[in-house]
Amino acid sequence: ILYRFYFDDRTGIDKRIYLSGVSNLSYILQQVLLNFLVLFIINLIGCVMMLPIFGLEVSWKLILYIFLVVQFAANFGMFLSTITKKNQGALLIGTMLSVLTMLLSGALFTVKKGTLQDKIHNLFPQYYISNLGKDIDGHSVDLTRSILVIVVYTLLFFFFANYIQSKRMEE
């Protein structure tokens, strides 16, 4: 569901939507909001049901972090859907980018000091998302910077998606 935004321009219905007076911004917001709500509810229900089984408690901090990560994911998915012609392309590119940047960011394993990866790992949002998990585990991390970077990436993905979709509608 992450990268699957079903734009109506792929079936020709978008002309009717835009003729009704719906702005491009409103259309993009609706798409992101719907996917955000679906992802957020699924993740929240999963955490509330599964974490107590493992003896872990659900905190407000965890809910806030889920909110941030799902908001990022929904906007990233929207961005990918606007740059590709087909939904399958968004799925392929999204999976490749997610895996590659997760490996390079050091989210899966410790980054060795002095390597190229050490110099570039903080460019990727997964590095900052992993800091949220470290905070939940009780490690000391710079949360202000992590949250700010996640919000900036989220906004950038939204604005680029809106811009690309508006250019697509002009054609």
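**Pocket first**

The largest pocket holds about 540 Å³ of space. For the record, we work on a 1 Å grid over the protein atoms alone, and a pocket is an open set of points with protein on both sides within 12 Å along at least five of seven lines; a 1.4 Å probe fits at the points, and lining residues have an atom within 4 Å of a point. Its volume is the space filled by probe spheres set on the points, which are joined across faces, edges and corners.

Who lines the pocket? Of 26 lining residues, Phe-72, Phe-76, Ser-98, Gln-126 and Ile-129 are the closest to its centre. Helix 2, helix 3, helix 4 (87–105), helix 6 and helix 7 each give two or more residues to that lining. Helix 3 supplies the largest share, seven residues.

Now the caveats. This is a predicted model: local features need pLDDT of at least 70, side-chain atom pairs count only at pLDDT 80 or more, and totals for chains, interfaces and linings use all residues. Numbering starts from 1 along each chain as its sequence is written, and side-chain values use heavy atoms, with hydrogens and water left out.

**The fold**

The protein chain has seven helices and zero strands. Those are DSSP runs, numbered from the N terminus: H or I with at least four residues for helices, E with at least two for strands.

Burial next. Of the 171 residues in the protein chain, 36% are buried. Buried means under 20% relative accessible area, exposed means over 50%, and partly exposed is in between, with a 1.4 Å probe and protein chains only.

Take helix 2. Its 27 residues should span 39 Å at 1.5 Å a residue, and the end C-alpha atoms are 39 Å apart, so the two agree. The expected span is 1.5 Å times one less than the number of residues. Buried residues of helix 2 include Tyr-27, Phe-36, Phe-40 and Cys-47.

Helix 7 covers residues 143–170. It has 28 residues and reaches 41 Å from first C-alpha to last, close to the 40 Å expected. Among its buried residues are Val-149, Phe-157, Phe-158 and Arg-168.

**Around Gln-126**

Gln-126 sits in helix 6. Gln-126 is buried, at 13% relative accessible area. Its C-alpha is 8.6 Å from that of Ser-98, 28 residues away along the chain. Ser-146, in helix 7, is 9.9 Å from Gln-126, C-alpha to C-alpha, and 20 residues apart in sequence. Ser-146 is buried too, with a relative accessible area of 1%.

**Charge and surface**

How many salt bridges does the structure hold? One. The criterion is a side-chain nitrogen of Lys or Arg within 4 Å of a carboxyl oxygen of Asp or Glu. Asp-135 pairs with Lys-61, and the closest N and O atoms are 3.1 Å apart. The pair links distant parts of the chain, 74 residues apart: Asp-135 is in helix 6 (residues 125–136) and Lys-61 in helix 3 (residues 60–83). Asp-135 is buried at 13% relative accessible area, whereas Lys-61 is partly exposed at 38%.

Last item, the surface. A nonpolar patch of about 930 Å² is made by Leu-33, Leu-37, Ile-41, Ile-45, Met-49, Met-50, Ile-53, Phe-54 and Leu-56. Patch residues have over 30% relative accessible area and no salt bridge; nonpolar side chains (Val, Leu, Ile, Met, Phe, Trp, Tyr) are joined within 5 Å, like charges within 9 Å. Accessible areas come from Shrake-Rupley with a 1.4 Å probe, and for residues only the protein chains shown count as cover. Ile-45 is partly exposed, at 47%.
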